[in-house]
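Hi,

Here is the structure we talked about. Have a look at it first, and my notes follow below.

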Amino acid sequence: MVDQEHGPLGQNSDYPDQYDPGQLHGIARSLGREAIGVDDGPLPFYGEDIWNAYELSWLNERGKPMVALMEMRVPFDSPNIVESKSLKLYLGSFNQWQVETPQQIAETITQDVSAVVGAEVMVELTPLFQLGGFALSTLPGKCIDDLDVEAELYEVDASLLNTLEGETSEAYHSHLLRSCCPVTGQPDWASVVIEYQGTKICEEGLLKYLISFRNNQEFHEQCVERIFMDISRQCAPDRLTVYARYTRRGGIDINPVRSSEPLQQLNLRLIRQ
C-alpha cells in the first residue's frame with residue numbers, strides 16, 4: 001500500500017515502462033517548514049531546487065532509444081515538492097514511449113511536474129553529445145573541513161553557531177554535510193556553500209553545526225531551509241545564500257538553494273556527482 005504522505009518512497013514498487021504521469025507524488029513543503037518556524041506568511045528567502053536526472057531515455061519514431069541529461073528547476077515558493085522516487089518511476093515510464101522530438105518529452109515533463117508541485121517548473125534536456133567539454137566545478141570560498149574541531153553532537157544544534165567581532169563578506173564551503181531520509185533512514189551526502197555579508201561567523205562553530213546534521217532526518221530541501229533559518233537567527237547576516245549539492249540517488253540529484261535575495265544559481269557539478 002502506498003503511503004499517502006510520502007508516496008512510493010520506502011515501498012516496493014513496480015517500474016512502468018509506458019508513460020504514466022500517475023507515478024508522480026507531491027509532498028507539501030509546509031510539512032517541513034512548520035518544523036523550522038516558517039509559517040504561511042511571506043517566505044523569508046528566495047531560491048529554487050535544481051534537479052538533475054541522468055537516466056532519462058525514450059524511443060524515437062523509429063523505435064531507436066534516445067538518452068539525454070535532464071535539468072529541472074522547481075521554484076522555492078511552490079506549494080509542494082515532488083517526491084524523488086516517484087519522479088524516478090515517472091521518468092522510467094518514458095523508456096518504451098515513442099515520441100517524435102525531445103522537445104515533446106521536455107514539454108510533457110514540464111506540464112506533469114508543474115501540476116504536481118503547484119507551480120511552473122523549468123525543464124531542459126541536453127543530448128550527451130553536447131557534453132564533450134563538460135568540466136567539474138569547484139565551490140566558492142574557503143573550505144572549512146580541515147579545521148581541527150571536536151565533534152560530539154550529531155543531532156542538529158543551532159546553538160553551535162556564533163559570531164566574532166568585525167564585519168565581512170565571504171563564503172565558506174564544506175563537503176561534510178550528511179543527513180538521512182526521514183522515511184527510509186538512508187544517508188544523503190552533500191557539499192554545501194554558505195555565502196554571507198555581515199558580522200563574521202565563527203568557522204569552527206559553523207563546521208560543528210554542519211556536522212550536527214549527521215543523523216538529522218529531513219528531505220534535502222528542508223535541510224537547506226533549516227541551515228538558512230538557523231544562520232539567519234543565530235548570526236543575523238545582512239545577506240545570506242545557502243546552496244547544497246547532494247549526491248545522486250536512483251540516477252537523480254537534488255540541489256536546493258535559498259537566499260535572502262533573488263538569484264539565478266549556476267548548476268555546478270562536483271566530483272561526487
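By class, six nonpolar, four polar and three charged residues line the second largest pocket (Ala, Val, Leu, Ile, Met, Phe, Trp, Tyr, Cys and Pro count as nonpolar, Asp, Glu, Lys and Arg as charged, and the others, Gly among them, as polar). Bear in mind that this is a predicted model: local features need pLDDT of at least 70 and side-chain atom pairs pLDDT 80 or more, while totals for chains, interfaces and linings use all residues. Residues are numbered from 1 along each chain as its sequence is written, and side-chain values use heavy atoms, with hydrogens and water left out.

Back to that pocket (on a 1 Å grid over the protein atoms alone, an open set of points where a 1.4 Å probe fits, with protein on both sides within 12 Å along at least five of seven lines; lining residues have an atom within 4 Å of a point). Of its 13 lining residues, Leu-69, Glu-71, Thr-126, Asn-267 and Arg-269 lie nearest the centre. Strand E3 gives the most, with three residues (strands are DSSP runs of E, at least two residues, numbered from the N terminus).

Now the cysteines. A search of the whole structure finds zero disulfides (pairs of cysteine sulfur atoms within 2.5 Å). Cys-235 is in no disulfide either, as the nearest cysteine sulfur, in Cys-202, is 9.1 Å away. Cys-235 is buried, at 5% relative accessible area (buried means under 20%, with a 1.4 Å probe and protein chains only).

Cheers

How values were computed: Helix = DSSP H or I, 4+ residues; strand = E, 2+ residues; numbered from the N terminus. Buried < 20%, exposed > 50% of the residue type's maximum accessible area, 1.4 Å probe, protein only.
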